[in-house]
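Subject: Structure for you to look at

Hello,

Here is the structure I said I would pass on. My notes on it follow below.

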Amino acid sequence: MYLHLGQDTVVRLDEVVGIFDMDRSTISKHTRQFLADAQKGGRVFNVSQELPKSYVVCVDREGTETVYISQISSATLKKRAGFLEDITCR
């Protein structure tokens, strides 16, 4: 199964580690540092030209971590993921 993140971007559901609300989670300095490190490492992909509302952290089979920034709210993305009870919106 796949999760549509916006524009032409989809990710495999089994690679999704977490779906996070941009406003709520970036209050923490640790989260800001995580996102800054991911950006420096070239692992952040903005899938929209609009105001970001959420970000999705994925880890592929090789262990490569990727962060996708989306204009879709974390609540909507969680609903799209549907059957995955252990994905948490923050």
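Helix α3 (residues 74-81) lies across β3, β5 and β6, and runs at about 150 degrees to β3. Helices (H or I, at least four residues) and strands (E, at least two) are DSSP runs, numbered from the N terminus. Axes are lines fitted to C-alpha atoms, for helices over the stretch in contact, and angles run from 0 to 180 degrees between N-to-C directions. Contact means heavy atoms within 4.5 Å.

This is a predicted model, in which local features need pLDDT of at least 70, side-chain atom pairs count only at pLDDT 80 or more, and totals for chains, interfaces and linings use all residues. Residues are numbered from 1 along each chain as its sequence is written, and side-chain values use heavy atoms, with hydrogens and water left out.

The sheet

Four strands make an open sheet in the order β3-β5-β6-β4, with mixed pairing; two strands pair if DSSP finds at least two bridges between them. β3 and β4 (44-46) are at the edges with a single partner strand each, so one side of each has no neighbour in the sheet. From one strand to the next the twist averages 20 degrees. Six bridges hold β5 and strand β6 (residues 65-70) in an antiparallel pairing, and Val57 has Val67 in β6 as its bridge partner. Helix α2 (residues 29-40) also packs on the sheet, where it touches β4, β5 and β6, and its direction makes about 105 degrees with that of β6.

Aromatic pairs

There are two aromatic pairs in the structure. In one, the rings of Phe20 and Tyr55 have centres 5.1 Å apart and planes at 20 degrees, so the pair is stacked (rings of Phe, Tyr and Trp, its six-membered ring, pair if their centres lie within 6.5 Å; planes under 30 degrees apart count as stacked, over 60 as edge-to-face and the rest as tilted). Phe20 belongs to strand β3 (residues 16-21) and Tyr55 to strand β5 (residues 54-59), 35 residues apart, and the pair links distant parts of the chain. Tyr55 is buried, at a relative accessible area of 3% (buried means under 20%, exposed over 50%, partly exposed in between, with a 1.4 Å probe and protein chains only).

Gln71

Gln71 sits in the loop between β6 and α3 and counts as buried at 16% relative accessibility. Leaving aside residues up to four places away in sequence, Gln71 touches several others, including Leu5, Val47 and Pro52.

Regards
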